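Let us walk through this structure, one region at a time. Keep the model open beside the text.

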Amino acid sequence: MAPELRTERELSLDFLRVTEAAAISAARTMGQGDRKYSDQVAVEAMREVMDTVPMRGRIVIGEGERDEAPMLFIGEEVGGGFGVSEEMAASCPEVDIAVDPLEGTNLCALGANNAIAVLAAAERGGLLHAPDIYMDKIVVGPSSRGVVDIDAPVKDNLRNIARRLGRDIEDLTVIILDRPRHKKIIDDVRTAGARIRLISDGDLSAGISAAVAGTNIHACIGIGGAPEGVLTAAAIKCLNGEIQARLVFDPDRLGVDKGKVPPAEQVIERLKSMGITDPNKTYDTDDLAPGKKIIFAASGQSSTLKNIPLTQAVSEANNGQYSKIVVNGNELDSINYLAKGTIASHSVCRIQLKDARGNLIGYASGFLIGPGLLMTNHHVFGRPADAATSIADFDYELDIAGMERPPVRFGFEPESCLKDL
Ligand code: VTB
């Protein structure tokens, strides 16, 4: 029989091992002021553990193009499902993977909070292949789904969010990357009366915090990286929130000199080659993360990250890491598992162990594994002769009223007892 396809739940835990490895490695470099080195160790650790995951993975968002990144480059095949037998490969699901081994390299280099290692996975085609350019985003939680519009004035969005949350605009907090390009947004939020949390880096965990209850963050607005936008969307889809986004490459909007960003025609060509024909498209959560089965895993990079909203109140792994997985997909089992279980149960029996005089001395379990062939634990029958007076009760169970059903009873043939298989 072919091995079973790895389930989503199993893969989630595998991915958590992957992000934890990256977070732990980066944590050892914390505060050393070398963000490139921190990133490098996170990438290497992530790559190494990734290959132990039984999957046929393909990187769709990673460290860059093949010629600029030695590992986790776009298009790279990762996972344990390559170069193995056909049977093994068949048990390894095909997945698209987006990673950021160290989101917030500056944060790590400075020893500041909220650097995280993240991974999102989906079935093939389930995550947008986003270019490594800027993206304008607005992210809100489940309560504010459907009431924000990336093109609406900030004050209108805030009024709608406040209404949905049943609070005043003054009681909202918006998280924004502290950049000159956000001057207008910051002014608009202030004028509307809401509070602001300005952050130096890391708009991915910031976006996620808008969709996690209890963080006291109600929206994340502004321009950050497009790859981070896709990763945010994967998490937001799992958390039932909403993100709207649009690519940005206009130097005026970015508030930078023309020479600082590639010319528009070049970007548009590149987008075309990636299959993006409308560079001004407004993306929603499903456009960015269309997958039906999405797994998002994140691990905080140091124990100082207890405050990271995403990872509050979740499992504490080794080295003081805080990790979280969110899964979006159909985890329901078909009801026929009950009928299948009933059929399987017919092959299980209760063994009544009896001594030579026929006195009951204990119970054990047995499994019918072939015609007339029962398997039980080695210690159950010390010698074949011990089976002579014992009994196997099949269909030994209670009826729906809780009454014992009459079992179907068999004796043993000690002379054909096989041991030490
Ligand atoms: C964001 C943020 C990152 O870069 O993508 C931001 O999530 C992009 O803006 O953590 P800048 O180029 O202005 O920094 C980071 O802050 C760092 O990569």
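Start at Pro-153, which is partly exposed, with a relative accessible area of 42%. The model is a predicted one. Pro-153 sits in the loop between S5 and helix H5 (154-165). Its C-alpha lies 9.9 Å from that of Val-189, although 36 residues separate Pro-153 and Val-189 in sequence.

Asp-151 and Arg-246 join their side chains in a salt bridge (3.0 Å, N to O). Asp-151 lies in the loop between S5 and H5 and Arg-246 in strand S9, so the pair ties together parts that are 95 residues apart in sequence. Asp-151 counts as exposed at 52% relative accessibility. Arg-246 is buried, with a relative accessible area of 19%.

Now turn to the sheet. An open sheet is formed by 6 strands, in the order S7-S6-S8-S5-S9-S10, with mixed pairing. Why is one side of S7 and of S10 left without a neighbour in the sheet? Strands S7 (195-199) and S10 (283-284) stand at the edges, each with a single partner strand, so one side of each has no neighbour there. Strand S5 (residues 134-140) and strand S8 (residues 219-225) run antiparallel, joined by 6 bridges. Ile-138 stands opposite Ile-221 in S8.

Helices pack here too. Helix H6 (residues 183-192) packs on the sheet and touches strand S6 (173-177), S7 and S8. The direction of H6 makes about 155° with that of S7. Helix H8 (residues 226-239) lies across S5, S8 and strand S9 (242-248), running at about 25° to S5.

Next, follow strand S16 (residues 391-394). In a regular strand the side chains alternate between the two faces of the sheet. Ile-391 and Asp-393 point one way from S16, Ala-392 and Phe-394 the other way, and all are buried. Strand S13 (residues 348-354) is joined to S16 by 4 bridges, in antiparallel fashion. There, Cys-349 stands opposite Phe-394. S16 also pairs with strand S17 (residues 408-411), antiparallel over 4 bridges. Ile-391 stands opposite Gly-411 in S17.

Finally, look at the charges. The whole structure contains 25 salt bridges. One of them links Arg-124 and Glu-94 (3.5 Å, N to O). Arg-124 lies in the loop between strand S4 (116-123) and S5 and Glu-94 in strand S3 (residues 94-103), so the pair ties together parts that are 30 residues apart in sequence. Arg-124 and Glu-94 also belong to a network of salt bridges with Arg-56, Arg-58 and Asp-96.

Note on methods
Residues are numbered from 1 along each chain as its sequence is written. This is a predicted model: local features need pLDDT of at least 70, side-chain atom pairs count only at pLDDT 80 or more; totals for chains, interfaces and linings use all residues. Side-chain values use heavy atoms; hydrogens and water are left out. Two strands pair if DSSP finds at least two bridges between them. Helices (H or I, at least four residues) and strands (E, at least two) are DSSP runs, numbered from the N terminus. Contact means heavy atoms within 4.5 Å. Axes are lines fitted to C-alpha atoms, for helices over the stretch in contact, and angles run from 0 to 180 degrees between N-to-C directions. Buried means under 20% relative accessible area, exposed over 50%, partly exposed in between (1.4 Å probe, protein chains only). A salt bridge is a side-chain nitrogen of Lys or Arg within 4 Å of a carboxyl oxygen of Asp or Glu.
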